[in-house]
Amino acid sequence: MKSHYQVLIVGAGPVGLLLACRLKKNGIDVVVVEKRSSRSTHSKALSMNAASLALLHSLGVVERFKQSGKEISDISIYWDQQRISHVDYRQLNSCYQHILAIPQPETERLLEEYFVELGGEIRRSATLNAIDIGSNGINASLADGGILTCDYLVGCDGSHSIVRDFAGITFSGFDYGIDFYLFDAQVSWQGKRDEVHYFVDDQGFIIVIPLVDGNHRFVLRCPREDDSLPSQAEYQSVLSRYIPQPVVIERVVWESKSQFYNRLASQYRVGNIFLAGDACHLFSPIGGLGMNTGFQDAWNLAWKLTAVIRQRQPDDLLDTYSEERRNMAAVLRDSTDINTRFIARIDRDNEKTHYWLPRFSNRLRARTLHPQLFSGLAQRYIEPSLIYEGKRLTGKYLPYLTLIQQENRVNSYDIVDGENYHLIVYGENNKQRLNTTLINYYLPIYFVEVNGFDKKIEFQSGEYLLVRPDGFVAIHENWETLEAVVHYFEKNKIRNSL
Ligand SMILES: Cc1cc2nc3c(=O)[nH]c(=O)nc-3n(C[C@H](O)[C@H](O)[C@H](O)COP(=O)(O)OP(=O)(O)OC[C@H]3O[C@@H](n4cnc5c(N)ncnc54)[C@H](O)[C@@H]3O)c2cc1C
């Protein structure tokens, strides 16, 4: 049996599996070890955001996910049973103007099936016990006595990560010290069945999310004396208190309790050992960012590992993984903390909230900002190593555009391949200059189809976007500064594979 791999991933949760799929698709020799003998059935992450759907689109598997989930474009927020705000995802500049409500076991099933279709190998009942650095790479000792060796090891082994411990990485933060309850139920209710609802008051909250099978997921705070789960009657009484329309629980089909945490790893890389997902950041599930953030880690790391393994860029590219993803997680950790304290009514300041909340949440700015934030599409890299200072789209995920390349029409999400840089040009002037300036860089060039252009996008004629292999914009500039692309390629020693 094979015992050496280029990359060994510990953990077949959603993050390890997405990383495995991207690496395998890039032709990297990768294996996943997972301590569970079969897939988890624990329904945790439910809301997949537009930024994650864009990654699955680029991987070529998004249609499978759409078939197993429910698309939701509206969120209604209630304060004291009054609807005070409506968030509409249809204003997003993406072909995914919604969240997809899909239970985590389905996400894991679909990713695992795809990985196996690509020829990928998952070793189940394989618990990582120890790691040491040997002469031919990293030695990973398994509980059954087996040893695998690899050039790079990625700990996607969740919040109690053993990889993190072996790498000596600290995981500081705090626990909220509050239990939140989650349950899926069949209910009779006149409320809108295709919206997410947040019902908040001075004492607490309920979040209601419709599921693809017709049931609803409820997330609530329900202070209790002991460790037991609430009875159906207790759930019913909380629902009746918060929800303005009559609602009756007919059957609870699944329930769980969760502590909410707020933790961040001190670093994401030690030598050739990396962390991704819950192993390096742990947010409260309010806002649904845990798995979605882990997906972005996996995407970022897959590109960089591929480039270094294929010797298209030097090893220091891998330092930018920690730099970019840890900074992003720190921002999200802080914003999730603010949202959690607000929604769960922790450290509440009643007078202030009563005054500003209803007015604030209906403001146009709040209504346009919320879909951007929750979709993940507003996230922006600012670290200077791989992002140049430039115009508005610099550092953000590329906008959804119809593009023309050699008379073929493609959409911008399709060009993201996890391996290569691409150039998008608005305006067809100076083709000659483009070709002569960039001739040595094997850079595919696309032109924006002006008819298919959404005027809301902050991208104008005479400008270009240099798009990284992960789909984020490295440079958004004017034509006159085309030499910045040359400088970027030279400085970072980039070789495209095309
Ligand atoms: C109640 C709840 C609701 C949530 N809702 C959302 C949501 O709506 N949206 C969202 O984005 N996120 C949500 N999250 C967060 C989300 O569930 C996590 O962020 C996600 O599971 C992290 O995935 P992961 O692959 O990093 O880790 P995990 O899912 O924890 O997977 C780690 C894997 O590693 C394996 N493993 C561990 N140790 C070893 C070892 N030594 N050897 C081999 N294998 C090992 C484990 O068995 C497991 O399969 C929610 C979380 C909770 C608790």
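Biologist: In β7, which residue is the bridge partner of S47?

Modeller: The partner is A101. Bear in mind that this is a predicted model. The bridge belongs to an antiparallel pairing of β3 with strand β7 (residues 99-101), which rests on two bridges.

Biologist: Which strands make up the open sheet of eight, and in what order?

Modeller: The order is β6-β5-β13-β14-β15-β12-β16-β19, and the pairing is mixed. At its edges stand β6 (82-88) and β19 (281-282), each with a single partner strand and therefore one side left without a neighbour in the sheet.

Biologist: How many bridges join β12 to β15?

Modeller: Six bridges connect strand β12 (residues 171-189) with strand β15 (residues 216-221), and the two run antiparallel. To locate the pairing on screen, take F180, whose bridge partner in β15 is R221.

Biologist: Which helix lies across these strands, and at what angle does it run to β16?

Modeller: That is helix α6 (residues 232-242), at about 85° to β16 (247-265). Besides β16, α6 lies across β12, β13 (195-200), β14 (205-210) and β15.

Biologist: Moving to the whole chain, how many helices and strands are there?

Modeller: The protein has twelve helices and 25 strands. For overall shape, compare the radius of gyration with the value from the globule rule. The radius is 23 Å and the rule gives 23 Å for 498 residues, so the protein is as compact as a globular protein of that length. The C-alpha trace spans about 70 × 60 × 40 Å along its principal axes.

Biologist: What percentage of the residues is buried?

Modeller: Of the 498 residues, 43% are buried. Sequence separation gives another view of the fold: among contacts with a separation of 6 or more, 73% are between residues 24 or more positions apart.

Biologist: Which residues are the closest to the ligand?

Modeller: They are G11, G13, G158, G277 and G290, out of 34 residues that surround the ligand. Two elements give two or more residues to this shell, α1 (14-25) and α7 (290-309). The most comes from α7, with four residues.

Biologist: How does the shell around the ligand divide by class?

Modeller: It has 14 nonpolar, 14 polar and six charged residues.

Biologist: How many C-beta neighbours does S125 have inside 10 Å?

Modeller: S125 has 13, so it counts as partly exposed. Y442 has 14 other C-beta atoms within 10 Å and is therefore partly exposed. The class covers counts between the exposed limit, 12 or fewer, and the buried limit, 20 or more.

Notes:
Residues numbered from 1 in each chain as written. Predicted model: local features only at pLDDT ≥ 70, side-chain atom pairs only at ≥ 80, totals over all residues. Pairing = 2+ DSSP bridges. Rg over C-alpha atoms; globule rule 2.2 N^0.38 Å. Contact = placed C-beta atoms within 7 Å. Near = placed C-beta within 6 Å. Nonpolar A, V, L, I, M, F, W, Y, C, P; charged D, E, K, R; others polar. Axes fitted to C-alpha atoms, helices over the stretch in contact; angles between N-to-C directions.
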